[in-house]
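This briefing goes with the structure shown below. It is meant to be read with the coordinates open.

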Amino acid sequence: MIKQKLMLVALLLSSAAAARTPMQFDSNTSLLEAKQAAGEITSEQIVRDYLSKIAAVDDSGPKLNAVIATFPDAIEQARKLDAERAQGRVRSPLHGIPVLVKDNIEVAGPVATTAGSLALKDNITSHDAPIIARLREAGAVILGKTNLSEWANIRSSDSTSGWSAVGGLTRNPHILDRNTCGSSAGSGAAAAADLAPLTIGTETDGSIVCPSSINGIVGFKPTVGLVSRSRIIPISHSQDTAGPMTKSVREAALMLTVMAGSDPADPTTAEADKRRTNYSENLRRETLQGMRLGVMRDRVGNNAKIKAQFDAALEKMKAAGAEIVEIADTRKGLDGLGEAEFEILMTEFKAGLNAYLAKAPSSVKTRTLAEVITFNKAEAGELRWFGQDLFELAQSKGGLDDPKYQEAVAKAKRLAGPEGIDRLLRENNVQLLVAPTAGTAWKSDLVNGDQYAGPSASQLPAVAGYPHLTVPMGAIEDLPIGISFIGTAWDDARVLGAGYAFEQATYARIDPAFKSSIEMAQP
């Protein structure tokens, strides 16, 4: 039945991909732009194709639950952009290209921005987040909203990633009973299943890179401060950022070029205009030649199959001219980092959410974290599968002037940045750090919660606010795994360049098989 559903979808990329060679195009977006320029396809046709695929793959067929809603004006957006192209105006390489947006990022109505919570089902705003406004200005079509781990996975320590009360449980398109990781679950699954050429996620710690790795796509968490966080439902102003989730590094670079920039409403982005560049123009296949890469060996984990995939990836980078430097101990001197990060997240979440809700439309009745906690207790659909212990802990915290919080901020930034990533780069004379991004997808289990076993490369760059890219490096029994490239602050271009060169040397991304389970796939 699933195969029959998929065969009914006449999506442009399905037929075009067979004729594509790596030297011709290294992204679906490049292909779509070239075909629009040649007059072979219109943005309206592209949008209609993707809407058809969402209906066939997400709403029926495999039923991924990756997309919460599509925008009723998507076709009209595309028609206007087609008219501009016909008149000779092409705004950017994203002109006429559809984008799916994580549902904690505001897009002007009529679709609500819910963070997956029923408490925000009426949060219909009249404003685009600045990053959405930038994408529109570049000619992108805002296609719809993606599902996520509710409240970006900050509600409970026993949650199931990819589940929200609004969107249900997102399913992994590779093996349907497996998890998508989170919190940008829908964006990861949608990009992997080709429900849109481009998707956006957000990350506080791992929420872009983990679902990207586990769904077998590229995910980029930029330097905190390169991309505006205004009108995005917050967790932590110290660590939050939005970022691209795509099938290729070039697509991520194209998106970042558009999304990056200063925002007066977000003081953290004060340097962004000075730091931003065209991230796609200097992507080169030979970038790894002569580059020294530090291997975070103690963060590889104990899974022999993941280790074998990672070691094979290192050999391919050596063949591409990279010098591999083994780092045995990347945890030295980092005692207390986890505890400091947790204190930051709990304190900043309460302050940030209260500030966000205070400015929400009057249709939103929960105006504080305390009121959301009360709402959840009264709403049967919210607490069925897991509770809200993290909400309650956050509610008990003091304000941003609390000395315990301020000490945690200073300690965490110091340990993760100057005494963490920066020290490792300096002492080992390497330009970037590499490690497996995450483990393979586990079985989703709403009763018992996540069964994640690691490894994970996300914490240091998340806490430091430094750039982190994951690129597909292979798969184990049809379950993708990614490799991480991590740099220092504002080194986004170098990180993307190294990831692009690795991608071009390996082409390790696999298309999803939509298998019901690994066991069912066995002979």
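Predicted model: local features only at pLDDT ≥ 70, side-chain atom pairs only at ≥ 80, totals over all residues.

Residues are numbered from 1 along each chain as its sequence is written, and side-chain values use heavy atoms, with hydrogens and water left out.

**Helix α13**

- Helix α13 spans residues 369-378, and Leu369, Val372, Ile373 and Asn376 in it are buried (under 20% relative accessible area, with exposed meaning over 50% and partly exposed in between; 1.4 Å probe, protein chains only).
- These residues lie on the same side of α13 because they cover an arc of only 100 degrees around the axis, the arc being that of the directions from the helix axis to the C-beta atoms.
- An α-helix has 3.6 residues a turn, so residues three or four places apart point the same way.
- Thr374, Lys377 and Ala378 are exposed on the other side of α13.
- The cover over the buried residues of α13 includes α12 (337-358) and α14 (389-395), with contact meaning heavy atoms within 4.5 Å.
- Helices (H or I, at least four residues) and strands (E, at least two) are DSSP runs, numbered from the N terminus.

**Cavity**

- The model has one cavity of 30 Å³ or more, where a cavity is a set of points on a 1 Å grid over the protein atoms alone at which a 1.4 Å probe fits but cannot get out.
- The largest cavity has a volume of about 40 Å³, a volume being the space filled by probe spheres set on the points, with grid points joined across faces, edges and corners.
- Its lining (residues with an atom within 4 Å of a point) consists of Asn104, Ala115, Leu148, Trp151, Ala152, Ile233, Pro234, Ile235 and Phe349.
- The lining divides into eight nonpolar residues, one polar and no charged; Ala, Val, Leu, Ile, Met, Phe, Trp, Tyr, Cys and Pro count as nonpolar, Asp, Glu, Lys and Arg as charged, and the others, Gly among them, as polar.

**Cis peptide bonds**

- Glycine 109 and proline 110 are joined by a cis peptide bond with omega of about 15 degrees, and proline 110 lies in the loop between β2 (98-102) and α6 (130-137).
- The bond from glycine 182 to serine 183 is also cis, with omega near 10 degrees; serine 183 lies in the loop between β5 (168-169) and α7 (185-192).

- Aspartate 194 has a positive phi of about 60 degrees and sits in the loop between α7 and β6 (198-203).
- Aspartate 194 counts as buried, at 5% relative accessibility.
- Phenylalanine 514 has a positive phi near 55 degrees, lies in the loop between α17 (492-506) and α18 (518-521), and counts as buried at 10% relative accessibility.

How values were computed:
1 Å grid on protein atoms, 1.4 Å probe; cavity = no way out; pocket = protein on both sides within 12 Å on 5 of 7 lines; lining within 4 Å.
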